[in-house]
Amino acid sequence: MGSYFFFFPMILLLAATCYGQGFQKSRASYYGSPEGLGTATGACGFGEFGKTVNNGEVAGVSRLYSGGSGCGACYLVKCKIPKYCSREGAKVVVTDYGEGDRTDFIMSKRGYEKMARPNMAPQLLAYGVVDIEYRRVPCSYNRNLELRIHENSNYPSYLALAPIYKDGMSDITGIDIGLENSQKWRPMRRAYGTVFDISNPPIGSLRVRIYYAIPYEVNSVQLTRAIPMDWKAGAAYDTASQLN
């Protein structure tokens, strides 16, 4: 528990900066992958969700990664070549870590192409790296938050999970779990990205408490019957809730 609050002031400062900002200047590049989608092995730990979410229009980021709390954030990214770039830009989801020379966004090919005017994607791709402006925007999936059980989980001795389909502009800072009808909570460790894990978790139907940062404050939400007693690696469980 204490580790959550140690990082809260820094997270709140980063959140306030991102939420209150207009467009920021940077550069963007792209990486190649089959069909131009994201990667299932990204640093956020999303698995297949990180490959296909938002129609594969995703990005790896460096300083915006924020030790993993930036995973799942949505950004509007616009390139700055009027001849080739659309005014609308591309909305991308952070699913990975990536860095380059003065480059904040390493985008999937599909996300990078989305910044282009109609029929201008090949010309934009030829640049390789482009100047951009970006800002944080709300994510919206029109569905409930889900808890994805990581493939490395091993019932019943090791549980790792990653929240997916997170709406709004909050950053997840910590997760506790506990048995239903129990007052005791056990903190999970941020293993990497947005993957939280715990050894020897309680055996039974589990409730989950998620801590999340929004501008100038930290909140928590308790999710009852979030994980079934016989949870399985690779499964995703509907929490019947959202953070915002």
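**Disulfides of the chain**

Colleague: Are Cys74 and Cys139 buried or exposed?

Modeller: This is a predicted model in which local features need pLDDT of at least 70 and side-chain atom pairs count only at pLDDT 80 or more, while totals for chains, interfaces and linings use all residues. Residues are numbered from 1 along each chain as its sequence is written, and side-chain values use heavy atoms, with hydrogens and water left out. Buried means under 20% relative accessible area, exposed over 50%, and partly exposed in between (1.4 Å probe, protein chains only). On that scale, Cys74 and Cys139 are both buried.

Colleague: How many disulfides does the rule give?

Modeller: A disulfide is a pair of cysteine sulfur atoms within 2.5 Å. Counting bonded cysteines along the chain, the pattern is 1-2, 3-6, 4-5, and the count comes to three.

Colleague: Which handedness has the link of Cys74 and Cys139?

Modeller: The sulfur atoms of Cys74 and Cys139 are 2.0 Å apart in this disulfide. With 115° about the S-S bond, the link of Cys74 and Cys139 is right-handed.

Colleague: How far apart in sequence are the parts that Cys44 and Cys71 tie together?

Modeller: The Cys44 to Cys71 disulfide has an S to S distance of 2.1 Å, and its torsion is about -85°, so the disulfide is left-handed. Helices (H or I, at least four residues) and strands (E, at least two) are DSSP runs numbered from the N terminus. Cys44 lies in the loop between strand E1 (24-31) and helix H2 (48-52), and Cys71 in the loop between strand E2 (58-61) and strand E3 (74-79), so the separation of the joined parts is 27 residues.
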